[in-house]
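Here is a short report on one chain. Keep the sequence and the 3D view open while reading.

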2 protein chains.
Amino acid sequence: MRVVDGGITAPMGFEAAGTHIGIKRVKKDMAMIVSSTDAYAAGAYTTNTVKAAHILWDKEITDSNKPVRGIIAISGNANACTGAREIRDNELMAQTMADLMDVDREQILTAATGIIGLDMPMDTIIKGEKILYPELSRRREDAKNAAAGIITTDTFLKEMAVELNIEGKSVHLGAMAKGSGMIHPNMATVLSFITTDIAISPKLLKKALLDSVKDTYNMISVDGATSTNDMALIIANGMAENPIITEENEFYLKFAKAVAFINNKFAQDIVHDGEGAGKFIQVDIEGARTENDARILAKAIVNDNLVKTAMYGEDANWGRIMAAMGGSSAYFNPDKVHMTFSSEKGKIVLMRNGEPEEFDENLAADILSERDIFVRIRLSDGNEKARAWGCDLGHEYIRINGEYRSRG
Amino acid sequence: MRVVDGGITAPMGFEAAGTHIGIKRVKKDMAMIVSSTDAYAAGAYTTNTVKAAHILWDKEITDSNKPVRGIIAISGNANACTGAREIRDNELMAQTMADLMDVDREQILTAATGIIGLDMPMDTIIKGEKILYPELSRRREDAKNAAAGIITTDTFLKEMAVELNIEGKSVHLGAMAKGSGMIHPNMATVLSFITTDIAISPKLLKKALLDSVKDTYNMISVDGATSTNDMALIIANGMAENPIITEENEFYLKFAKAVAFINNKFAQDIVHDGEGAGKFIQVDIEGARTENDARILAKAIVNDNLVKTAMYGEDANWGRIMAAMGGSSAYFNPDKVHMTFSSEKGKIVLMRNGEPEEFDENLAADILSERDIFVRIRLSDGNEKARAWGCDLGHEYIRINGEYRSRG
């Protein structure tokens, strides 16, 4: 596998476009991706009980394993919590693109991110789709436009492409994502899209996606909130003409590794670019009794407001980490905890075998002054491990999410 | 039941004292409570896996149902996460007081709140106990001193007393608590103590306490963190000489109501006095399928950073509430949600039957400008309800918990 220049249109048979259609005031707010042939799709969806219309729509399509032909995504409106209207509006958005392509509307996946509870400006959206459709191309610029069409307050585009060799055939994966940002301060949402020309069974396509999401998107936290709109989609059109992968063989593993690589990179990018995030915190739990315990502990730490504010304050406050772990539902033996903090500046041991360790406060302050901080916790309860990523909690988060006095 | 002047020494047979012994620099840091006769005790303890030494000590004593004679509490040091030392230090603290009283050390309950991971200054503590013991009295002033001895960054003392008539006998409950505050920025801890002269079986004493904690201390959140030191204790010495309560009769209910009244008041006081809290948010869930669903939903809302920052920003951002509810593990039907915000300034309906409701933005801003905000959510899933209390999340929280650069 090697990283290559390119984005969502890197694989064969995919075209994309993105533009400003008028949902937002100035920035791009619509993206379109099409495959020139039928493609299988798989999705990982938010677990929030309150689901935006596109989540229900896409899930039904991907569960059916029927081939799809395109994706229409808008940013600036979540199309969520508007009662019965959101379902109709979502269908109309899919129908409009399907008509342009002369396919069934069930072959069009949809996505939306933005303000919750506002009716969709359907005239603007329908008109926008008609304007955008002729712009579709494989050009690098149009892939970038598509990536720009889905972002909100992200400060940089998230896109990439990788190339694999599968039985002598060159296979590509192209990807784009948006991170946690808010338009008006309503929701932090992750949307992620991967296109690929690999030939693979829908079942294994889904497995590769879900396995990677478990270790990537499900292990990041900007503020602990679960969006109503979160989604990761992958679509595969088989145009690379490799012998179709139908078993978990070496080729499958190669492909799954590429999917994991992309989602791992995006997940970290999203935390780096989290709203108001000044620091990136990576937490490793090792020696846990079960994988689930390890996951819960790692996430409990990156989600804890006291840990997050301590990191903001660059304070080696390991007691807050112990308390955050203890406050979770996971099992661990506190009397055996080994804990270190590290960064580019060095490493300190804070606990050894459950006993606090004397450490150099100056070195600690130096380590925590870096942007990327690594917390490593070794337990003596088993052999399982997990890694989670989060960010600090400081004044910038409050400013973005709290200092807002009107909907204007 | 009527509220009377007084604190922890209001019931017969209880004496208290509090002073500065030198754990903290200036403020009072030790409290002592004794009963002149054997008293039954019950406790509700933190569920954190990491438990301070006094939690383990007190739990063993209260589980045994053996009578106790006193409580020694210190503030400024959590006596937690110091490995094997904390257990020995806690025993020594109990032993010292037991020696002064000429009782067994298992008759002394202990409590500590403060910095995690620092060794206890045992010389100071032992000396302090010896100084404080002769100060014990029933005077109003000494009850206040005891209440002051356990607080940390609380901005007001939390103490109260109530009187009941049980079969012709005057029964008193006296109480004191400390809220979520940090000494050095380490932990938010709740400690709560109730003394009473009622005669009641240990089993029912425990039931009254645990039932009340479920609806009070377990339904508040300042920052979602669970302390290693949280504890609510109640001790009853029977000196009111009412016929002992051994059944859940009308007298038990009267007593249980008084316990609930005290804990309800303290729980709200603690949120009002939460670190950096500018607003008090009361959330009512009604019409939930189960009581547990109602509790989870109410707590999910008061714990959500996006909801908390919206309240700080005085923004009627109901979408964040829907997302917080949906992100919890509780069941509810989003299509039937009815939601209102209210305060002294009025009331607005934000959702009706799952559909967003137009509302007057000016009135909304006016309502949210108040300090006490009431969020009421009516579901159509059943008949169960719950209430939770929380606070906003703003710059003051970051300042207190994050803007700290040394341990000095």
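Start with one residue pair: Ile220(A) stands opposite Trp389(A) in β16(A). The model is predicted, so local features need pLDDT of at least 70, side-chain atom pairs count only at pLDDT 80 or more, and totals for chains, interfaces and linings use all residues. Residues are numbered from 1 along each chain as its sequence is written, while chains are lettered from A and ligands numbered from 1 in the order in which they are written.

**The sheet**

β9(A) and β16(A) run parallel and share two bridges. Strands pair if DSSP finds at least two bridges between them. Both belong to an open, mixed sheet of seven strands, ordered β9-β16-β11-β15-β12-β13-β14 in chain A. Its edge strands, β9(A) and β14(A), each pair on one side only.

| Strand | Residues |
|---|---|
| β9(A) | 220-221 |
| β14(A) | 355-356 |
| β16(A) | 384-391 |
| β11(A) | 280-288 |
| β15(A) | 372-378 |

Helix α7(A), residues 291-303, lies across β9, β11, β15 and β16 of chain A. Its angle to β16(A) is about 20° (axes are lines fitted to C-alpha atoms, for helices over the stretch in contact; angles run from 0 to 180 degrees between N-to-C directions).

**The whole chain**

Chain A has 11 helices and 16 strands (DSSP runs numbered from the N terminus: H or I, at least four residues; E, at least two). Of its 408 residues, 62% are buried, with 20 or more other C-beta atoms within 10 Å of their own, C-beta atoms being placed from the backbone. Contacts are C-beta pairs within 7 Å. Among those in chain A with a separation of 6 or more, 79% join residues 24 or more positions apart.

Key: Buried ≥ 20, exposed ≤ 12 C-beta atoms within 10 Å, placed from the backbone. Contact = placed C-beta atoms within 7 Å.
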